[in-house]
Amino acid sequence: MRYFELFNLPVSYDVDLTLLNQRYLELQRAVHPDKFAGKSEREKLVAVQKTSEINDALAVLKHPAKRAEYMLSEQGVDIRAEQQTLQDPVFLMQQMELREALEDIQHSSDPEDEIDAFEAQIKQLDTQYSAQLAEQLVSQDTAVLEVAADNIRKLKFIYKLREELSRIEDSLFD
Amino acid sequence: MAYSDKVIDHVENPRNVGTLDKNDPNVATGMVGAPACGDVMKLQIKVSDEGVIEDAKFKTYGCGSAIASSSLVTEWVKGKTLDQAAEIKNTDITAELELPPVKIHCSILAEDAIQAAIADYKNKQAK
């Protein structure tokens, strides 16, 4: 998979983020415009293209959901632009309740404890849906890849909760 | 991104926010979510014995377009039969609310919520 090759990293959902960052900086330095000041227009253009490719790859690889979707699409199951809805009543009911709990946190007298508890809940859900992903994403079995796709869809709701939580934290403690 | 006046109106004055008693045999619930943006929508309908939707309530966690889409469909389904409600298409919603292409998934969410609620009602009646 090209993005992993670019950073010379093994193809795996479990990316070493420190290493990814380090490789990114090395690559960025190698194609920095300063190095191409005296070079031909063509070489400058290639460097600019390379820079943009490195940036795209980093944005995908460092974000767990985007990384998972990328790996899945390389395996032939592309869910990145899908518009279909998720219709899993039990999961969605839980999401609804978590959203309600988030609303309550905003009006709580002691939000800090509740935020901690909520964070722990998100972490637990994150683990629940991502624990098998590393294995599933390299599977050759379409049925397994479909399970991975469903896990990724659910993870996106969980990441959304995390975003909402940090937005609330910012508004409460700024 | 600018919201249309109609979206803003629904966001500022949402119609039919709330919940219906899910234990009422005439009440059905449709739950749908959009993985693309993490929006969650609950649409409940109360259906008369004649098969007419008497009441509808929604609760949506999402962007303005998702809230407006669900608010709008609660208005639209009231007074309709289940068959008529099932004919509401997401394109009707996008047209009414003037949703831009990036927000089409919000209208799909609302259409699917109606379908899910109708399916839940039929399922409940069959029991």
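## Ground rules

Residues are numbered from 1 along each chain as its sequence is written, and chains are lettered from A in the order in which they are written. Because the model is predicted, local features need pLDDT of at least 70 and side-chain atom pairs count only at pLDDT 80 or more, while totals for chains, interfaces and linings use all residues.

## Chain A overall

Chain A has 8 helices and 0 strands. Helices here are DSSP runs of H or I with at least four residues, strands are runs of E with at least two, and both are numbered from the N terminus.

The radius of gyration of chain A, taken over C-alpha atoms, is 20 Å. A compact globule of 174 residues would have one near 16 Å, by a rule of 2.2 Å times the number of residues to the power 0.38. The C-alpha atoms of chain A fill a box of roughly 60 × 45 × 30 Å along the principal axes.

An automatic or database assignment gives chain A domain 1 (2-62) and domain 2 (89-173). Their centres, taken over C-alpha atoms, are 31 Å apart.

## Helices 6 and 8 of chain A

Helix 6 (residues 111-130) of chain A packs against helix 8 of chain A at about 165°, with the axes 10 Å apart. Axes are lines fitted to C-alpha atoms over the stretch in contact, and angles run from 0 to 180 degrees between N-to-C directions. The two helices are therefore roughly antiparallel (over 145 degrees).

By class, their contact has 11 nonpolar, 2 polar and 5 charged residues. Ala, Val, Leu, Ile, Met, Phe, Trp, Tyr, Cys and Pro count as nonpolar, Asp, Glu, Lys and Arg as charged, and the others as polar. Among the residues in this contact are A:Phe118 and A:Ile122 of helix 6 and A:Leu161 of helix 8.

## Where chain A meets chain B

In all, 14 residues of chain A are in contact with 16 residues of chain B (C-beta atoms, placed from the backbone, within 7 Å). Helix 5 (89-106) and helix 8 (142-173) of chain A each supply at least two residues of this side of chain A. Helix 5 of chain A gives the most, with 6 residues. The side has 6 nonpolar, 4 polar and 4 charged residues.

## A helix pair in chain B

Helix 2 (residues 64-77) and helix 5 (residues 104-126) of chain B cross at roughly 35°, and their axes come within 8 Å. Their contact has 8 nonpolar, 4 polar and no charged residues.

Terms used:
Two residues are in contact if their C-beta atoms, placed from the backbone, lie within 7 Å. Angles under 35 degrees count as roughly parallel, over 145 as roughly antiparallel, 65 to 115 as roughly perpendicular and the rest as oblique.
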